[in-house]
Amino acid sequence: LHFSPSFREYAEGLASRLVAVRGVRGGTVVEVGCGDGYFLGLLARLGGCRAHGFDPAFDAGRAGVLPEGVTIHAREFGAGDAGLRARLVVCRHVLEHIWSPVAFLASLRGAMGGAGGEGAIFVEVPNGRWLVESRAVWDVIYEHCTYYTPGSLARVLEAAGFAVERVEAAYGDQFLTALARVGSPGAGAAKGPNAGEAAAARGFGEGHREKVGHWTLVLAERAARRERVALWGAGSKGVTFLNALGSAAAGVACAVDANPRKQGCFIAGAGHEIVAPASLAAQRPAAVIVMNPLYQKEVAGALAQLGLSPEVLVA
């Protein structure tokens with residue numbers, strides 16, 4: 001995602017707000033599931049703080065040069081890391097992958113102990129409310145064990161022994177963020193599902209069938225007119241889209257992604273080649289399917305820079 005200017009802008013703004021709100025300057029920040037250390041590096045640079053990241057998949061060759069004071073441990077966070085006494089623990093897009101979220105969150109309390117003996121945790125997950133209400137069927141992926149609504153995210157944090165300060169939607173409502181502190185859970189922070197969420201969840205299967213049917217028809221019509229179609233976004237949404245369409249996905253010529261690490265690889269299951277945006281100059285597609293509406297303007301701008309003006313469709 002960090003290869004997208006739009007997403008980098010969001011991440012930088014988020015890091016700035018966390019530094020301002022939590023007063024981490026001169027203290028320690030911990031990120032569990034830090035990936036290549038990009039966001040952790042932002043916190044360290046903006047907050048002038050020590051930073052420890054934990055991720056078993058960390059690859060130093062991909063991370064590049066990290067700011068001074070950043071240490072990344074290529075392993076899971078464990079009980080032996082309790083002495084870090086972080087003022088802030090960050091856990092972004094990890095919790096939805098965890099089978100036992102309450103036990104996992106409770107284990108992170110051991111890393112906290114900032115100023116005044118208190119620490120805070122910031123959690124970011126996909127927004128389950130947005131998913132069901134907008135029928136974002138391409139966001140259902142097998143790696144996600146859970147989907148959180150505002151109420152259920154607050155409940156899981158409180159069950160793990162945190163006092164929830166706030167839960168908010170972010171990034172075009174596609175993400176949920178929560179800020180909580182060590183302490184007694186507050187009264188009324190956790191709420192049950194509302195009627196809209198429940199109704200949307202009941203209709204989600206119908207929405208899935210409708211969207212798959214719609215795109216099957218669209219691709220069949222484009223193929224009948226011998227029009228080349230490309231898909232932009234070879235992340236989880238793109239993988240789900242192409243596999244959900246089955247044989248109809250043959251109407252997509254290729255998957256485009258700005259991440260050079262993906263280029264030259266293939267979509268799991270569906271088998272579409274992942275190519276660089278520049279390759280479209282030779283292919284000249286009649287239409288480009290954008291997997292996330294938040295990137296529609298960014299993709300249209302990139303296509304214009306290539307001298308292309310295909311129809312941009314939002315999945």
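Modeller: A residue is called buried under 20% relative accessible area, exposed over 50%, and partly exposed in between, using a 1.4 Å probe and protein chains only. This is a predicted model, in which local features need pLDDT of at least 70 and side-chain atom pairs count only at pLDDT 80 or more, while totals for chains, interfaces and linings use all residues. Residues are numbered from 1 along each chain as its sequence is written, and side-chain values use heavy atoms, with hydrogens and water left out.

Biologist: How many salt bridges does a search of the whole structure find?

Modeller: The search finds 12 salt bridges. A salt bridge here is a side-chain nitrogen of Lys or Arg within 4 Å of a carboxyl oxygen of Asp or Glu.

Biologist: Which side chain meets R129 in a salt bridge?

Modeller: That of E197, with an N to O distance of 2.4 Å. The two residues lie in distant parts of the chain, 68 residues apart: R129 is in helix α5 (residues 128-133) and E197 is in helix α7 (residues 195-202). Helices (H or I, at least four residues) and strands (E, at least two) are DSSP runs, numbered from the N terminus.

Biologist: Is R129 buried or partly exposed?

Modeller: R129 is partly exposed, at a relative accessible area of 28%. E197, by contrast, is buried, at 5%.

Biologist: And which residue forms a salt bridge with E165?

Modeller: R181 does, and the closest N and O atoms are 3.6 Å apart. E165 belongs to strand β6 (residues 162-170) and R181 to strand β7 (residues 175-182), 16 residues apart. E165 is partly exposed at 38% relative accessible area, and R181 is partly exposed at 30%.

Biologist: What about R92: which side chain does it meet in a salt bridge?

Modeller: R92 meets E124, at 3.0 Å from N to O. R92 is in strand β4 (residues 88-92) and E124 is in strand β5 (residues 120-126), 32 residues apart. R92 is buried, with a relative accessible area of 9%, and E124 is buried at 0%.

Biologist: Changing topic, how many disulfides are there?

Modeller: The count is zero, where a disulfide is a pair of cysteine sulfur atoms within 2.5 Å.

Biologist: How many bridges join β8 to β9?

Modeller: Three bridges join β8 (residues 229-232) to β9 (residues 254-256). L231 has A255 in β9 as its bridge partner.

Biologist: Last one: where is V299 found?

Modeller: V299 is in helix α11 (residues 296-305), and V299 is buried at 2% relative accessibility. Leaving aside neighbours within four places in sequence, V299 is in contact (heavy atoms within 4.5 Å) with W232 and V290. From A249, V299 is 50 residues away in sequence and 21 Å away in space, C-alpha to C-alpha.

Key:
Two strands pair if DSSP finds at least two bridges between them.
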